Amino acid sequence: MSGPLAGLRVVDAATLFAGPIAAMHLGDMGADVVKVEHPRRPDPSRGHGPAKDGQNLWWKTLGRNKRTMTLDLSHERGQEVFRRLARESDVVIENFRPDTLERWNLGYSVLSADNPGLILARVTGFGQVGPYRRRPGFGTLAEAMSGFAALTGEPDGPPTLPPFGLADGITALATAFGVTAALHARSVSGRGQVVDLAIVEPMLSVLGPQLTRWDQLGTMQPRTGNRSANNAPRNTYLCADGRWVAVSTSSQSIAERVMRLVGRPDVVDEPWFATGAGRAAHVEELDAAVAAWVSLRSRDEVVAEFEKAEAAVAPVYDASDLVADPQLAALGTVLRAADPDLGEVAMQNVLFRLSETPGAVRWTGRAHGADTDSLLGELGYSVADIGELRSEGVV
């Protein structure tokens, strides 16, 4: 294996999205990730979303760079196998409800007694302490409780949830960050620790100054649709060919270039135009000017003119646009990975490019329990032992 995390073993004992995505990111960077699933109840993500020829497409990405084994953690012998696996690992990621691992005699005090350097990342809806700790938690609930939904949607519409696992994806990044921070601390102290992730908190962390605004001013940001409460013009605009573009004017110079480009240089000299708040107060006038100009041109013409004017614009893409974009092709953002079941699968590449120790997608999501026997063999179990575990339903 290669990559900056080569030589580390990560046990992915989580289900659905936040924990497993975090393990995927660590695997992309070279970690040896072992996905542990119940023998008779696979990770539910294997059944989420579309499938082709009986193969779940989301799992092909979510399960990439992971070896898969089955293990019943509620079974005493399954617990013994897991303790042995944790003893040979650097990181365990789990998302059971608090106290579940402890009930199975797999809590951190037990696992770290055998492996003091072990890092245990615990990803739950509401964290390991507090009155909500044992509530079921999903990304949707975090998107609601973090304040995200309250900010999202049209002013006269309901709070709006994203049509994908946004909170899970953000929590996965936070989990991977927490794990790498703990790994660095271990390099100094020699000891591991628990990383406690409540899904609501990473989601809240990306929402800007909402808490500080409420604390200091007693006001809350309203829903503004695609507009911004802090500057204008900022919206999506319909082009003459039925496609859309997004325009952002977060900086003063860009706002000036946009308004000159769309034929309204007069507003640039207005006193109110000098601040984002002033422009936001005149959003109707600015939006109307941009929308009218864009509506007379195709998407490609709009993008070309904005680029010439050094103004900020982006086409609103769907998946078909992403795979055809030359900039993303130059970056290698969309990867076509070889897959034993589907031949070749397009998916997102690793998160970033490292000049000396780059990550890589080494294989796509594997079948349920595909590596059980080989992993048990690595842990010292004989063929007879493995047969016995299998006959008992432990694996």
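Q: In which loop is the place of N105?
A: This is a predicted model: local features need pLDDT of at least 70, side-chain atom pairs count only at pLDDT 80 or more, and totals for chains, interfaces and linings use all residues. Residues are numbered from 1 along each chain as its sequence is written; side-chain values use heavy atoms, with hydrogens and water left out. Helices (H or I, at least four residues) and strands (E, at least two) are DSSP runs, numbered from the N terminus. N105 belongs to the loop between α4 (100-103) and α5 (108-114).

Q: What is phi of N105?
A: Most residues other than glycine have a negative phi. N105 is not glycine, yet its phi is positive, near 60°.

Q: Does D53 count as buried or exposed?
A: D53 lies in the loop between β3 (51-52) and β4 (55-56). Phi of D53 is positive, near 50°. Buried means under 20% relative accessible area, exposed over 50%, partly exposed in between (1.4 Å probe, protein chains only). At 66% relative accessibility, D53 counts as exposed.

Q: Which peptide bond is cis, with omega near -5°?
A: Most peptide bonds are trans. P233 lies in the loop between α10 (210-217) and β9 (235-238). The cis bond here, with omega near -5°, runs from A232 to P233.

Q: What does α8 reach from its first C-alpha to its last?
A: Helix α8 (residues 166-189) has 24 residues. The expected span is 1.5 Å times one less than the number of residues, and for α8 that is 34 Å. The model comes close to it, at 34 Å.

Q: Which residue takes a positive phi just after α8?
A: The value is about 80°. The residue is G190.

Q: Which residues does V268 touch, leaving out those up to four places away in sequence?
A: V268 lies in the loop between α11 (252-261) and α12 (276-281). V268 is buried, with a relative accessible area of 10%. Contact means heavy atoms within 4.5 Å. The partners are E256, M259, R260 and F273.

Q: How many Å separate the C-alpha atoms of V268 and G242?
A: Along the chain they are 26 residues apart. Their C-alpha separation is 29 Å.

Q: What distance lies between the C-alpha centres of domain 1 and domain 2?
A: Domain bounds come from an automatic or database domain assignment. The assignment gives domain 1 (9-206 + 365-392) and domain 2 (234-238 + 244-315). The C-alpha trace of the protein spans about 85 × 50 × 40 Å along its principal axes. The two domain centres are separated by 44 Å.
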